[in-house]
Amino acid sequence: MVFVNYILLCFIQSMYYYFFMFLASSVFISPKCLCLMQVPPLFLDVSPNHFVLDMCAAPGSKTFQLLEIIYQSTKPGSLPDGMVIANDLDVQRCNLLIHQTKRMCTANLIVTNNEAQHFPGCRAHKNFSKASEIELEPPISQLLFDRVLCDVPCSGDGTLRKAPDLWRKWNSGMGNGLHPLQIQIAMRGLSLLKVGGRMVYSTCSMNPVENEAVVAEILRRCGGSVELVDVSSELPQLVRRPGLRNWKVRDRGIWLSSHKDALKFHRFGILPSMFPSGRRYVAPTDGDHKNENGANVNSEDEPMEDPMISTDDWNEEVSDIPLERCMRIVPHDQNSGAFFIAVLHKLSPLPVIQEKPSRRGNSLTKRDEIQEKLSEQVTECNNGVELNSEDAASEKFSEAASEADLIEKEMDETASVPDPCNTDDENDSEKAKLLVEGETPSGKAVGKRKLQIQGKWKGVDPVIFFKDEAIINSIKAFYGIDESFPFGGHLISRNIDNNHVKRIYYISKSVKDVLELNLLVGQQLKIASVGLKMFERQTSREGTTAPCSFRISSEGLPVILPHITKQILYASPVDFKHLLQYKAIKFMDFVDAEFGEKASKLMMGCSVIVLRDAKTSSEPIQLDASTIAIGCWKGRGSLSVMVTAIDCQELLERLSARMETEKGSSAQENNVEGVELQDMNGIEEAERSYTTKEATND
Ligand SMILES: C[S@@+](CC[C@H](N)C(=O)[O-])C[C@H]1O[C@@H](n2cnc3c(N)ncnc32)[C@H](O)[C@@H]1O
């Protein structure tokens, strides 16, 4: 049998790439496709050169959309200047995200697995450059973002229509429990946002405690350095309702109008920030006081009113923040899920806040502490993520520090607690020690080096810049990669041993800058996935004897295709179709004998076959977004496709559809049989003769 001489790995640039191009053109929302579109990213106003942080990103639908926007005007073979960091705490959901975004074939994405509320700022000390392997000043010295998407974990009541299970599980405590974490994540997002940048806070809940209350609290904490943007003129097709300015808080069967009510009913898990005014009702701290009858009353029994606030104020709280600028999207307006969106604009650096503003100058009483602790004891969010109450409690005082303080602090935290999920691991504390040594100018070089090659995070492969000149040069020479393509320095692997590197990933300039910075600051980012898989080591017997031991992978092909000058051939539709149909064809059996001749002269190993337009005879052809190319293996006597059977079938269908279209338009234009028609006839003819030949061979 001619079929299946070598079943090697395959690739197509096509389906996913075009799917993404199609989606990219559908970013503009129409009410009809609203249910399919994710709205929050549309309010981020992302440009292709932006650094974007998606803080709680899994399973990745919004990340996908952000990448589409970044790539919107990118030509084949080039990469946008911007990048996306997609972060999620949940490892399994992170894997889902990695899988989802794989079809984007992007070199501009880093997937991280950090806690969003502690997301590292990666600020490089001046001394770091001396202490690290990176000799030059890094292009970026701190990880700040132009855009931040803060799609926080929430109670998810907005998804009730599609997740009816929630009807049984939902209770008001879910939202109340998540409120402190939502504030922490949003505050961290704002501190990582560049001045002038935009952050979108969103949930799929209708609960004001998770929505307007969070937005109001972060605005209070930011004290004028952040504004709530009026986006009423943006996306006018989107039917939305204004955010609320007054609401009550539900807790275990009763409605609370203010923090005073919370204390009155002994609801210590209810925070002042959950109410519209955000005001704390202060209970007396120094012993008993007299009641209106002059009798001694214990402060634990009856809370005392804040003298600053009149009784009336406590009854009907209305926020003085223009929360109507927030957006509530409700299911019955346009047959969608329910969600909440607030757009924030950072006007200036965040203020240095020593204390939570709502603490009103008092030190925490025992009851306050219990109250806050209780509020942080969230056991479960809608995504099944366990929230560690100890983590939350230890975070209590940190969120209000200045940006600089936060960043300094987190560096210390990262150094002392390498993996928040694995704090009990002995190796981690050892690694943390090495990290500190590596970061400190006086640190031992051996410690630093060890850390940099082994990676810091338990269970996560290290990210290694691939610098093996011999391999890099052999790849460049074999495929004739042109000098204009940024290559050296843009390759990474996840294996410290160059001899056993199986995959080489390609990264954009923006991602490269971030990775270098991350290395410099002791790998604060826990990187689950990064880069576009571009080369894979040949594993077959014939493959190991080929001049280049790495073949181009399917994902990498769209990016490198315009830059390859060797091992590339342009096949006529008929021969291209045959390759997909029969998987392997002897050189002498190609319909276009010249093509067969050229194929036989390729070097043994991976080659790229591009579908030539029926009209085009000159080579090389102009590559554009509609170009179809596949990877093939040039063996001793034949050319074999390196495309899976499913992908072959899909490509064949597309090819037929394209030919049908060409046939139709050509017949319409000329009303006679034109070039395409001849070609179509040629295919059918050739197919018959080829099948006959095959039958004879068999
Ligand atoms: C509403 S979902 C995000 C949906 C996602 N943005 C999308 O469009 O596909 C919230 C996510 O937050 C994650 N999460 C929960 N707590 C987190 C934390 N502390 N830090 C980071 N992510 C967290 C959950 O794992 C979950 O995937």
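**Entry 1: terms and model**

I took two strands to pair if DSSP finds at least two bridges between them. I took helices (H or I, at least four residues) and strands (E, at least two) as DSSP runs, numbered from the N terminus. The model is predicted: local features need pLDDT of at least 70, side-chain atom pairs count only at pLDDT 80 or more, and totals for chains, interfaces and linings use all residues. Residues are numbered from 1 along each chain as its sequence is written.

**Entry 2: confidence**

I looked up pLDDT, the predictor's confidence in each residue, from 0 to 100. The mean for the protein is 76, and 67% of its residues reach 70 or more. For the complex, the predictor gives an ipTM of 1.00 and a pTM of 0.77. I then listed contacts, where two residues are in contact if their C-beta atoms, placed from the backbone, lie within 7 Å. Over residues 354-453 pLDDT stays under 50, and the model has 145 contacts beyond four places in sequence for them. Residues 671-698 also stay under 50, with 28 such contacts. Where pLDDT is low, the predicted coordinates should not be read in detail.

**Entry 3: the whole protein**

I noted 23 helices and 24 strands in the protein. Of the contacts with a separation of 6 or more, 75% join residues 24 or more positions apart. For burial I used the count of other C-beta atoms, placed from the backbone, within 10 Å of a residue's own: buried at 20 or more, exposed at 12 or fewer, partly exposed in between. Buried residues are 47% of the 698 in the protein.

**Entry 4: the five-stranded sheet**

I traced an open sheet of five strands in the order S20-S22-S23-S24-S21, with mixed pairing. Strand S20 (568-571) and strand S21 (584-586) are the edges; each has a single partner strand, so one side of each is left without a neighbour in the sheet. Angles here run from 0 to 180 degrees between N-to-C directions, with axes as lines fitted to C-alpha atoms, for helices over the stretch in contact. Direction ignored, neighbouring strands of this sheet are turned by 30 degrees against each other on average. S21 and strand S24 (residues 638-641) run antiparallel and are joined by three bridges. Which residue of S24 is the bridge partner of Ile585? I found Leu639. Helix H21 (residues 593-601) lies across S20, strand S23 (629-634) and S24, at about 165 degrees to S20.

**Entry 5: the nonpolar core**

I defined a nonpolar core as a set of buried Ala, Val, Leu, Ile, Met, Phe, Trp, Tyr and Cys residues joined through C-beta atoms within 7 Å. The largest has 158 residues, and Cys150, Ala186, Leu190, Val215, Ile341 and Ile609 have the most contacts inside it. Helix H6 (residues 172-191) gives the largest share of this core, eight residues. Leaving aside neighbours within four places in sequence, I listed the contacts of Ile341, among them Val39, Phe43, Val200 and Cys326.

**Entry 6: backbone exceptions**

Most residues other than glycine have a negative phi, and most peptide bonds are trans. I recorded a cis peptide bond from Ala58 to Pro59, with omega near 5 degrees. Pro59 lies in the loop between strand S1 (51-54) and helix H2 (61-71). Leu235, not a glycine, has a positive phi of about 45 degrees and sits in the loop between strand S6 (226-228) and strand S7 (241-242). Is His266 buried or exposed? His266 is exposed, with 12 other C-beta atoms within 10 Å, and its phi is near 55 degrees.
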